[in-house]
Amino acid sequence: MGEGAAHNRVCEAILNAVERALDAGREFRVMIVVPDQLEESFVLEPLSYFTRRTLLQDSPLGSRGEFAEEACLRTRIQRLLAEKRPGVEADPDSILSICGLAQAQKSPAGKWCTQSVFVHSKVLLVDDKYMVCGSANVNDRSLMGDRDSELGVLLTDDHEPDMIDSTMAGKPFRSGRTLLNFRLRTFRAFLGLDEGGADDGAIIDPVTAFGRLWSATAAKNRALLSAVFKYTPRDSITSFSQWSKIKEASFGEGDDDTGSPYVEGSDPDQLTEFRGLLVPTAVFRRPGKAVGTRADAGVDSSVSTGVLIERFCL
């Protein structure tokens, strides 16, 4: 899916789960958090490109006819919705969210800066009852069994008396105590909610939280970054080379040096409204060629944060 050379079937498993849910009339949401790498890197930039090709960006050659098998997960969900719910707008973003992580904060000098968070954890969480946690990346190198050695653990939290009352899709639900608490802690961090759990009523139901908080928070965070910083991904930046020049100029490294990373006339203090870590994943049309947002593409359950890999700060 997304790339004909790939052999693992993780995305197909997700797509099949979405189809089963649509056939059964069940609510279903998929929240994926991936590394969002922008800096030029011989290894990371191509990996970022093919991650996007798999999840939300069709082949530059199209997604129909002979290229239909290379359509990304987002496009295939959109087709499923059109097939299963004729006459209703086929909006894959009502089911699927693909985000990266970033922070916005003031430096010791009092200047606002932003940094991306490199997601290196490999965690799959399902229905607050089942978790897979291990070393394997979601790619052929880790999953086909003939290259890297990997270790993974399946955790089940679906036995009494360790189940507690919860809510799923607006209905009473029994969740595993340990994994529900894990998800709530993760959501608090990603959404910028009270660490002590005072806001848990808004996230206890992940289906309800998906639209009201998860997607809305990510979209607002991206809008805030775009309003303040010149170089963060946005629709008006159409190529990697353009983004690179803007970033260099923002930090006094380019020919058209402006000496400031901020959008002219912007108020950096609006970043006080930035919440948590979530931002929609950027789109690279091809390696080294494009840095845009979901609108450019026509567009694991929660994972914890890993290593900070880039810091843009005065």
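An open sheet of three strands runs in the order β4-β5-β6, with antiparallel pairing. This is a predicted model, where local features need pLDDT of at least 70, side-chain atom pairs count only at pLDDT 80 or more, and totals for chains, interfaces and linings use all residues. Residues are numbered from 1 along each chain as its sequence is written, and side-chain values use heavy atoms, leaving out hydrogens and water.

**Exercise 1.** Find which strands stand at the edges of the sheet.

*Solution.* Start with the terms: strands are DSSP runs of E with at least two residues, helices are runs of H or I with at least four, and both are numbered from the N terminus. Two strands pair if DSSP finds at least two bridges between them. Next, look at the partners: β4 (123–126) and β6 (152–156) each have a single partner strand, so these two are the edges.

**Exercise 2.** Work out how β5 and β6 pair.

*Solution.* Strand β5 (residues 130–134) joins β6 in the antiparallel sense over five bridges. For one example, go to V132: its bridge partner in β6 is L154.

**Exercise 3.** Describe how helices α5 and α6 pack.

*Solution.* First, take the angle between N-to-C directions (on a scale from 0 to 180 degrees, with axes fitted to C-alpha atoms, for helices over the stretch in contact). For α5 and helix α6 (residues 206–228) it is about 20°, and the axes lie 11 Å apart. Then classify: angles under 35 degrees count as roughly parallel, over 145 as roughly antiparallel, 65 to 115 as roughly perpendicular and the rest as oblique. The two helices are therefore roughly parallel to each other.
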